[in-house]
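Please look through the structure shown here, and then follow the report below, which takes up its sheet and its helix contacts in turn.

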Amino acid sequence: MVRIYTLTLAPSLDSATMTPQIYPEGKLRCSSPVFEPGGGGINVARAIVHLGGTATALFPAGGATGEHLVSLLNDEHVAVETVSAHDWTRQNLHVHVESSGEQYRFVMPGATITDDEFRQLEEKVLAIESGAILVISGSLPPGVSIEKLQQLIKAARQQGIRLIVDSSGDALAAALEIGDIELVKPNQKELAALVKRDLTAPDDVRQAAQELVQSGKARRVVVSLGPQGALGVDGKDCVQVVPPPMKSQSTVGAGDSMVGAMTLRLAQDAPLLDMVRYGVAAGSAATINQGTRLCSLENTDRIYHWLTR
């Protein structure tokens with residue numbers, strides 16, 4: 001099978017806790033924190049491993065938080081390649097309020113990446129073999145400009161590396177400017193920003209996704225539609241997959257689980273419908289869990305088989 005790599009420029013060490021209620025000024029008594037790896041590409045690699053695949057996560061790691069992050073990934077049997085960073089890896093906080101069921105996500109800015117650290121990351125990317133898949137996922141930290149991202153993508157494309165980009169805003173638009181991206185997964189709002197118009201009519205989403213494919217910007221576009229599932233488009237087909245009705249506990253890991261599942265199917269050369277079905281199944285499986293947990297193989301397979309009935 002095609003080898004899979006992920007690149008996370010803004011990794012994080014995520015801590016999750018619970019508190020009975022939340023209010024200003026007073027001391028909020030919390031449960032013992034649970035630590036998990038975080039960052040878009042890292043979570044995509046974790047999801048792939050959870051689903052029985054293999055992936056190598058590339059990222060900068062700094063300080064004690066970076067060491068803890070690497071240790072957690074080793075515990076999950078996720079292969080890693082890191083660049084030593086001067087700044088400590090950021091730490092995020094997720095708080096679940098028991099009385100209301102609300103979730104609060106405190107997200108810190110990514111650690112600054114120096115020019116030398118970015119050069120080392122670029123060298124690791126360009127050492128990836130031609131024909132392999134690289135998933136670039138997550139936000140851009142301080143020190144990484146849109147121009148640097150484009151430079152990296154162009155160099156990877158010239159090496160014959162197949163690229164999946166899961167980002168938003170200027171970073172996603174910049175990647176699509178280069179073109180020939182294997183897969184992008186915008187939501188409806190992000191897709192509207194890419195085509196620079198509102199998507200309000202019943203068929204607007206399909207048409208906008210097809211525009212990205214027909215213009216050569218992306219080979220496949222999968223638009224996440226929340227409870228309505230996802231709509232997928234490539235050069236031949238257009239499919240929509242709607243998940244079963246389920247009680248959602250948390251949507252935190254759904255997007256990364258979906259990308260991981262679709263990447264795994266793409267590496268197996270699956271057709272568009274099967275790829276989107278598996279992605280929707282994994283994304284739905286992640287919503288069953290509280291906190292920041294990703295999809296499990298058992299729940300993903302159960303939902304996938306329901307979708308293929």
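This is a predicted model: local features need pLDDT of at least 70, side-chain atom pairs count only at pLDDT 80 or more; totals for chains, interfaces and linings use all residues.

## The sheet

Ser15 has Leu93, a residue of strand E6, as its bridge partner. Strand E2, which covers residues 12–19, and strand E6, which covers residues 90–97, run parallel and are joined by eight bridges. In general, the strands of a sheet pair through backbone hydrogen bonds, and they may do so in a parallel or an antiparallel way.

E2 and E6 belong to an open sheet of four strands, whose order is E3-E2-E6-E7 and whose pairing is mixed. At the edges are strand E3 (34–38) and strand E7 (103–106), each of which pairs on one side only. From one strand to the next, the twist of the sheet averages 25 degrees. Helix H2, made of residues 63–75, packs on this sheet and touches E2, E3 and E6, while its direction makes about 90 degrees with that of E3.

## Helices H3 and H4

Helix H3 (residues 115–126) and helix H4 (residues 146–158) have axes that come within 10 Å and that cross at roughly 20 degrees. Because angles under 35 degrees count as roughly parallel, H3 is described as roughly parallel to H4. The crossing of these two helices, H3 and H4, is right-handed.

On the H3 side, the residues that take part are Asp115, Phe118, Glu122, Val125 and Leu126, and they meet Lys148, Gln151, Leu152, Ala155 and Ala156 in H4.

## Helices H6 and H7

How far apart are the axes of helix H6 and helix H7, and at what angle do the two helices pack? The axes of H6 (residues 188–195) and H7 (residues 204–214) are 10 Å apart, and the packing angle is about 55 degrees, which makes H6 oblique to H7. H6 passes H7 in a left-handed crossing.

In this contact, Gln188, Leu191, Leu194 and Val195 of H6 meet Val205, Ala208, Ala209, Glu211 and Leu212 of H7. The residues of the contact divide into seven that are nonpolar, one that is polar and one that is charged.

## Helices H9 and H10

Helix H9, which spans residues 272–287, packs with helix H10, which spans residues 297–307, at an angle of about 130 degrees, and their axes lie 8 Å apart. That angle makes H9 oblique to H10, and the crossing in which H9 passes H10 is right-handed. From H9, the contact is made by Asp274, Arg277, Tyr278, Val280, Ala281, Ala282, Ser284 and Ala285, and from H10 by Leu297, Asn299, Thr300, Asp301, Ile303, Tyr304 and Leu307.

## An aromatic pair

How many aromatic pairs are counted in the model? The count comes to one aromatic pair, and its members are Tyr278 and Tyr304, whose ring centres are 5.4 Å apart and whose planes make 90 degrees with each other, in an edge-to-face arrangement. Since Tyr278 lies in helix H9 and Tyr304 in helix H10, the pair ties together parts that are 26 residues apart in sequence. Tyr278 and Tyr304 are also among the residues that make the contact between H9 and H10.

Terms used: Residues are numbered from 1 along each chain as its sequence is written. Side-chain values use heavy atoms; hydrogens and water are left out. Axes are lines fitted to C-alpha atoms, for helices over the stretch in contact, and angles run from 0 to 180 degrees between N-to-C directions. Angles under 35 degrees count as roughly parallel, over 145 as roughly antiparallel, 65 to 115 as roughly perpendicular and the rest as oblique. A crossing is left-handed if the near helix is turned anticlockwise from the far one by less than a right angle, and right-handed if clockwise. Contact means heavy atoms within 4.5 Å. Two strands pair if DSSP finds at least two bridges between them. Rings of Phe, Tyr and Trp (its six-membered ring) pair if their centres lie within 6.5 Å; planes under 30 degrees apart count as stacked, over 60 as edge-to-face and the rest as tilted. Ala, Val, Leu, Ile, Met, Phe, Trp, Tyr, Cys and Pro count as nonpolar, Asp, Glu, Lys and Arg as charged, and the others, Gly among them, as polar.
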